[in-house]
Amino acid sequence: MGVSANANTGAFLVFFIAAILLALSTTCTALNITKSLAPYSDYSTLSDLFSKTKLTDAINRRQTITILALDNNSIQSITDRSSDELRKILMNHIILDYYDRQKIQKLGKKSALLTTLYQTTGSAINQQGFVNITRIARGEVVFGSAVKGAPLVGKLLGSVIAQPFNLSVLHISTPIVAPGFGDAILAPPPPPGSSKPPAAAPKKSPSSPGPSEEEEDEDEAESPSPSESPAESPKAGKAKAKSRSKSPPEPDSDNDDNAEEPTPSASSRVVWLRVGVAAVIGLIASLVAL
């Protein structure tokens, strides 16, 4: 009887401790978007709208998510929409995967489609539930609705939060309003002297929502034909070559210097907690066996 009682007590302790550690691990990985955005006052309106449209709980239930965040100034252009329109628009700013600046720069293709929270509603048509991400000239990144012909309006301005691989908050310039979600918000006009207006989203068929690759990069420069270049005299050529040899080389720019260091991952804490669970179970099992 004594041995049986000890065995039952040991088994109870094993399950009790395992349940506690499992609860702790779940708490560590759970998202709290309101708490995460609280230190960033520039995004207080976005946080309030998540609560108003009842999207806070939908975000917090996810373990991996990316928010295309609008600051208090940029988001004013959609705050007067109806609750239904506002909810749809905001759902298209919630990406169901983790993307930080480093991951975006490593995308194998120039253009890709990202799945949003709106896609999970079952109401999306004509790729309304996808966002197009495209890398354009000079390393810039823009976002837009994946609906055919929709413009790319949201320029990536920076990273607000990076917690691999749970939560990423990326700052974009302009709200993304898919066709059918109300009047579109166009990107502000480019400053004088800029080369091109915002590009339209690459055309894709609804049956293939996968990433696409454009044929040419926009930043390729055309080289002048030999007939357009005036001939130079031998003396002028020597003088130019000499001046070029004396001028110091220009330093290379490094875009990675501006990349933000990611904050420690919550997934690493889960690993250690699970190791702790295994160790405790093994210890109690050995005590029960004695």
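This section describes the fold, helix packing, aromatic pairs and backbone geometry of a predicted model.

The chain contains 8 helices and 7 strands. Of its 290 residues, 35% are buried. Among contacts with a separation of 6 or more, 66% join residues 24 or more positions apart.

Helix α3 spans residues 44-52. Its buried residues are T45, L46, S47, L49 and F50. These residues pack against α2 (33-37), α4 (56-60), β1 (65-69), α5 and β2. K54 follows α3 and has a positive phi, near 60°. Helix α5 covers residues 83-91, and its buried residues are L86, I89, L90 and M91. An α-helix has 3.6 residues a turn, so residues three or four places apart point the same way. In α5, L86 and I89 are among the buried residues, as is L90. The buried residues of α5 pack against α3 and against β2, which spans residues 94-95.

The structure holds 2 aromatic pairs. One of them joins Y98 and F165 in an edge-to-face arrangement. The ring centres are 5.4 Å apart, with 80° between the planes. Y98 lies in the loop between β2 and α6 (101-105), and F165 lies in the loop between β6 and β7 (167-172). The pair therefore ties together parts that are 67 residues apart in sequence. Y98 is buried, because its relative accessibility is 1%, under the 20% cut-off. F165 is exposed, because its relative accessible area is 56%, over the 50% cut-off.

The pair of Y118 and F181 is also edge-to-face, because the planes meet at 75°, over the limit of 60 degrees. The ring centres of Y118 and F181 are 4.9 Å apart. Y118 belongs to the loop between β3 (111-115) and β4 (130-135). F181 belongs to the loop between β7 and α7 (234-246). This pair therefore ties together parts that are 63 residues apart in sequence. Both Y118 and F181 are buried.

A charge also sits over a ring. The charged end of K103 is placed over the ring of Y99, 4.4 Å from the ring centre.

Most residues other than glycine have a negative phi, and most peptide bonds are trans. The peptide bond from P164 to F165 is cis, with omega near -10°. F165 is in the loop between β6 and β7. Positive phi values occur at N126, near 50°, and at Q127, near 65°. Q127 counts as buried, because its relative accessibility is 7%, under the 20% cut-off.

Q127 also takes part in the surroundings of A146. A146 touches L113, Q127, F130, V131 and N132, leaving aside residues up to four places away in sequence. A146 sits in the loop between β5 (141-145) and β6 (152-163). A146 is buried, because its relative accessible area is 3%, under the 20% cut-off. The C-alpha atoms of A146 and Q128 are separated by 6.6 Å, although the two residues are 18 residues apart along the chain.

Technical notes:
Residues numbered from 1 in each chain as written. Predicted model: local features only at pLDDT ≥ 70, side-chain atom pairs only at ≥ 80, totals over all residues. Heavy atoms only, no water. Helix = DSSP H or I, 4+ residues; strand = E, 2+ residues; numbered from the N terminus. Buried < 20%, exposed > 50% of the residue type's maximum accessible area, 1.4 Å probe, protein only. Contact = heavy atoms within 4.5 Å. Phe/Tyr/Trp six-rings, centres within 6.5 Å; stacked < 30°, edge-to-face > 60°. Lys NZ or Arg CZ within 6 Å of the ring centre and 35° of its normal.
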